[in-house]
Amino acid sequence: MDILGSFALLLALIVAAYAFFAGIAGIFTRRSLLKKSALNAGMAVFFLITVAVGVLEFFFFTDNYSLAYVAEHSNRALPAFYKFAALWAGQEGSLLWWSWLLSAYAFFVLFLNRKKHPELMPYVGVVIAGVQVFFLTLNNFVANAFNVLAAPGANGAMSVVALSDGRGLTPLLQYPEMVIHPPMLYLGYTGFTIPFAFALAALLGRYPGEKWIHITRRWTMIAWCFQTVGIILGAHWAYSMLGWGGYWEWDPVENASLLPWITGTAFLHSVMMQEKRGMMKIWNVWLVFTTFMLCILGTLLTRSGIVNSVHAFAQSSIGGWFVGFLAIILVVCFLAYWKNRDYLRGDNQLDSLVSRESSFLFNNLILLAACFAVLWGTLFPVLSEWVVGSKVSVGAPFFNQVNVPIALFLLFLTGVGPLLAWRKTSTDALKRNFAWPAGLSLVAGVVGFALGFRQFYALVCLILSVFVVLTIFLEFFRGARVIAARESTNLLTAVGSLTMRNTRRYGGYVVHLGMVMIFIGIAGQAFNKDVRAELNIGQTMKIGPYTLLCQNFDEIANNNYQSSRATLEVFRDGKSQMMLFPQRRFFPASGETETIVATRSSPLRDLYVVYAGRSPQDGHPVIHAYLNPLVKWIWFGGLVVVLGTLLALLPNRRAAIVRSSVRERAWDGTVVAEAAPAQVAVTRGASHD
Amino acid sequence: MIRRGALGVCAILAAFGFACASTPARQLNEAQAARAKSLGLKVKCMCGGCNDPAGACFHSGGAFSGPCDMALSEIKLIDDRVAKGESDDAILKDFVAQYGPTVLVDPPKAGFDLTAWIVPVLVPLVGLFGVWEVARRWRQKHPAAAAASANASGISPEIIARVQHDIERDEP
């Protein structure tokens with residue numbers, strides 16, 4: 001069976017290589033049959049890698065431990081749910097998973113556009129196939145998930161052996177979110193290949209106009225959305241599993257996921273400049289290139305062991321391959337740009353410095369500054385060691401100090417941008433748009449200060465958050481009021497109608513609203529509290545308004561783990577609120593322990609309780625309780641961001657004017673009903689403004 | 001010569017640290033405790049098994065989710081020296097002398113490592129200048145282009161201004 005997986009993987013590489021070279025040959029010879037054959041080969045890769053993935057999953061689900069990868073990352077006691085997720089638990093499997101997701105994207109892109117853009121698609125096919133060849137080379141020759149376990153037999157010859165049981169999945173990955181988080185993140189990483197392929201293809205093929213942007217806009221938004229979900233789920237997993245009370249540690253692997261997300265965000269904004277005004281063509285192409293290269297750089301950083309990371313898959317010798325690939329991409333992108341730079345000449349004119357265009361320029365600058373700061377902090381230990389010979393640490397305080405002011409300025413621009421008009425904003429319009437939001441947000445700041453918001457950044461965040469929310473509501477309100485008056489409908493219906501007429505714009509505002517919620521949640525961190533105490537049965541500890549009474553400690557066991565559990569009753573103002581059961585699970589297969597945090601979560605605060613285990617000093621059980629304000633806003637904010645993105649992906653519904661009255665006639669021609677001229681909403685294609 | 005001297009200092013500090021770790025911690029007043037807590041978050045736990053600050057060492061995946069012996073000895077050393085009235089700088093310098101600059105959670109603000117702090121501020125400033133310059137150039141292009149197109153089409157500047165005003169009103 002493993003032969004089938006290996007064969008499918010090797011065949012996938014050969015077919016991808018064919019798609020690459022046949023595509024190039026087709027472009028140069030202009031033979032349409034060759035081009036079509038290359039594109040079909042590009043689609044076939046998906047089915048071949050699907051076979052390989054299917055075979056590997058078959059080994060996991062049938063507990064066949066003759067494959068080294070399966071033996072390393074699964075065991076018989078592992079629930080089926082996690083056997084599926086064990087596929088991406090290690091280097092080999094996660095790279096195979098990457099290839100499969102990339103091939104799935106490639107399949108859909110090539111299939112959906114098979115009868116469109118005949119001049120562009122052969123180039124797109126070649127670029128995607130080139131990326132696939134790289135990853136499939138790794139899958140086949142560098143990190144092969146189908147390597148079998150072998151041992152010398154009685155006659156000295158090597159033969160395949162199967163272990164009776166595997167080492168099991170890392171306990172940290174045995175959490176429901178781990179079944180969703182990595183695929184989401186990988187869907188983000190691999191998804192950015194599509195806009196990259198279209199940008200490079202448009203440049204190489206000198207494809208006219210902004211067509212490539214129209215084609216890839218949705219693909220970019222999809223990749224960005226997956227990346228967002230992946231990042232948020234990763235943060236939630238860290239919060240729920242690691243038991244340190246936080247959700248973001250600025251670990252290199254976390255940073256690696258953030259870098260392409262930031263440049264992707266910059267692209268989603270700056271692309272509007274090109275669509276509406278024909279500006280920033282060079283910038284947009286390079287933003288897409290940079291986003292893709294950051295996906296590869298992030299993978300290089302985290303898998304090569306260049307930088308220290310708490311993530312298990314970080315240490316390997318695969319880095320050199322990524323360095324080579326990154327160098328090739330950089331050279332290809334630069335040569336393509338240099339050779340075709342005249343094609344990217346834009347109509348860069350700025351009517352006024354107080355305009356939507358300017359706000360996008362600053363938005364891009366700030367996003368890129370944030371991206372640079374994160375990259376710089378991640379790489380600085382390596383740079384310092386290289387220059388002065390001694391390694392330094394760059395921890396969370398550095399990233400917070402550098403990035404918080406940048407993020408707050410970005411939040412400010414999130415509020416300002418939508419209030420500025422394209423081309424030019426008059427002073428009157430500025431006063432009219434800014435007066436209420438600015439005034440009310442300052443009032444909110446004063447109230448916040450009076451209520452105890454004394455931490456500077458938290459207070460600024462509160463003021464700016466109120467400002468952005470008000471500007472967003474104002475945007476919805478103004479538009480909806482006009483529609484409500486025109487269509488004689490209520491305001492809520494008008495908001496729905498307004499949103500559906502320009503889903504991209506109003507979906508974007510919903511995304512902004514979600515980001516504000518995330519900012520509010522992060523600002524709550526300034527007021528975190530924690531108490532650690534030895535707590536025996538019958539003893540209590542206090543944190544904030546809560547009192548925790550220890551009622552019991554017991555042991556639970558199943559085939560997969562043994563769990564030590566604390567039973568705590570939560571009191572507030574003398575009244576019992578609920579029971580919490582923080583646990584520590586020991587996994588015999590791997591010999592590791594994991595923390596299961598117990599949380600009492602509300603929009604205002606999380607009571608987050610960790611059973612730390614028995615103190616090594618005196619053997620008493622230790623409870624670590626945290627009071628984390630506003631954390632829930634981050635998770636809800638993430639959900640709102642996703643909903644906003646999905647809304648922005650919907651096609652517009654446009655109002656069409658019915659110019660003459662509509663008469664409904666009976667079979668004999670007599671008028672039985674008559675409607676006055678009105679605006680009727682109709683769904684029209686995929687047009688976005 | 002310098003290296004030999006540094007080794008000597010390290011040996012003395014290590015002996016001092018061990019002595020501190022094996023004696024009971026001094027009582028700290030509220031201000032001292034806050035200082036000690038803050039210092040505990042500025043130095044890393046040097047056990048080699050985690051990347052946590054000593055003051056927030058929790059050893060995920062370990063048998064006990066709390067400060068390990070190494071972190072405890074570092075915290076105790078800090079407590080004792082804070083109780084003696086030593087300055088933050090002096091305490092951190094001795095940690096650096098013992099373990100190297102990697103013991104600090106953040107890069108030192110001196111020497112080459114100062115660039116870690118300066119560059120992320122400098123780059124946005126340079127970028128800001130760049131954006132300003134680009135915006136200025138694009139803005140300079142505008143009147144000439146507008147005039148040229150107006151002349152070419154024979155449309156008066158008033159009408160162009162009115163159309164622009166309409167565009168602004170339609171697309172807020």
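**Figure 1. Thr599(A) stands opposite Tyr608(A) of strand β11(A) in this predicted model.** The two strands in this view are β10, residues 598–601 of chain A, and β11, residues 605–614 of chain A; they run antiparallel and are joined by four bridges. Three residues form the link of the hairpin that leads from β10(A) to β11(A). In a regular strand the side chains alternate between the two faces of the sheet.

**Figure 2. Strands β6(A) and β7(A) form a hairpin with two residues between them.** Strand β6 covers residues 562–572 of chain A and strand β7 covers residues 575–580 of chain A; their pairing is antiparallel and extends over five bridges. Within this pairing, Leu568(A) lies opposite Leu580(A) of β7(A). In the turn, Asp573(A) has a positive phi of about 50°.

**Figure 3. Asp63(A), although not a glycine, has a positive phi of about 50°.** Most residues other than glycine have a negative phi, and most peptide bonds are trans. Asp63(A) is located in the loop between α2 (32–61) and α3 (68–73) of chain A. With 18 other C-beta atoms within 10 Å, Asp63(A) is partly exposed.

**Figure 4. Arg423(A) is a non-glycine residue with a positive phi of about 70°.** The loop that holds Arg423(A) lies between α14 (396–416) and α15 (427–450) of chain A. Is Arg423(A) buried or exposed? Arg423(A) has 20 other C-beta atoms within 10 Å and is therefore buried, since a count of 20 or more meets the criterion for burial.

**Figure 5. Helices α16(A) and α17(A) are roughly perpendicular to each other.** The axes of α16 (residues 456–487) and α17 (residues 491–501) of chain A come within 8 Å and cross at roughly 110°. On the side of α16(A), the contact is made by Phe476(A), Gly479(A), Ala480(A), Arg481(A), Ile483(A), Ala484(A) and Glu487(A). Helix α17(A) contributes Leu491(A), Ala494(A), Val495(A), Ser497(A) and Leu498(A). Sorted by class, the residues of this contact comprise eight nonpolar, two polar and two charged.

**Figure 6. The axes of helices α11(A) and α12(A) come within 9 Å and cross at roughly 170°.** The crossing angle makes α11(A), residues 281–304, roughly antiparallel to α12(A), residues 319–339. The residues that α11(A) brings to the contact include Val285(A), Phe289(A), Met293(A), Ile296(A), Leu297(A) and Leu300(A). Among those from α12(A) are Phe322(A), Val323(A), Phe325(A), Leu326(A), Ile329(A), Leu330(A) and Cys333(A). The contact of α11(A) with α12(A) consists of 14 nonpolar residues, three polar residues and one charged residue.

**Figure 7. Ala370(A) belongs to the largest nonpolar core, which has 216 residues.** Four members touch the most other members of this core: Ala12(A), Ala16(A), Ala199(A) and Ala370(A). Helix α9 (residues 211–241) of chain A provides the largest share of the core, with 18 residues. When neighbours within four places in sequence are left aside, Ala370(A) is in contact with Ile262(A), Asn403(A), Ile406(A) and Ala407(A).

**Figure 8. In the interface between the chains, 38 residues of chain B are in contact with 48 residues of chain A.** On the side of chain B that touches chain A, the elements giving two or more residues are α5 (114–153) and α6 (157–170) of chain B. The largest share of that side, 14 residues, comes from α5(B). By class, the residues on the side of chain B that touches chain A are 20 nonpolar, eleven polar and seven charged.

**Figure 9. Chain B contains six helices and zero strands.** Along the sequence, the elements of chain B follow the pattern α-α-α-α-α-α. Of the 172 residues in chain B, 27% are buried. Among the contacts in chain B with a separation of 6 or more, 53% are between residues 24 or more positions apart.

How values were computed. Residues numbered from 1 in each chain as written. Chains lettered and ligands numbered in written order. Predicted model: local features only at pLDDT ≥ 70, side-chain atom pairs only at ≥ 80, totals over all residues. Contact = placed C-beta atoms within 7 Å. Nonpolar A, V, L, I, M, F, W, Y, C, P; charged D, E, K, R; others polar. Axes fitted to C-alpha atoms, helices over the stretch in contact; angles between N-to-C directions. Parallel < 35°, antiparallel > 145°, perpendicular 65-115°, else oblique. Pairing = 2+ DSSP bridges. Buried ≥ 20, exposed ≤ 12 C-beta atoms within 10 Å, placed from the backbone. Core = buried A, V, L, I, M, F, W, Y, C linked by C-beta atoms within 7 Å.
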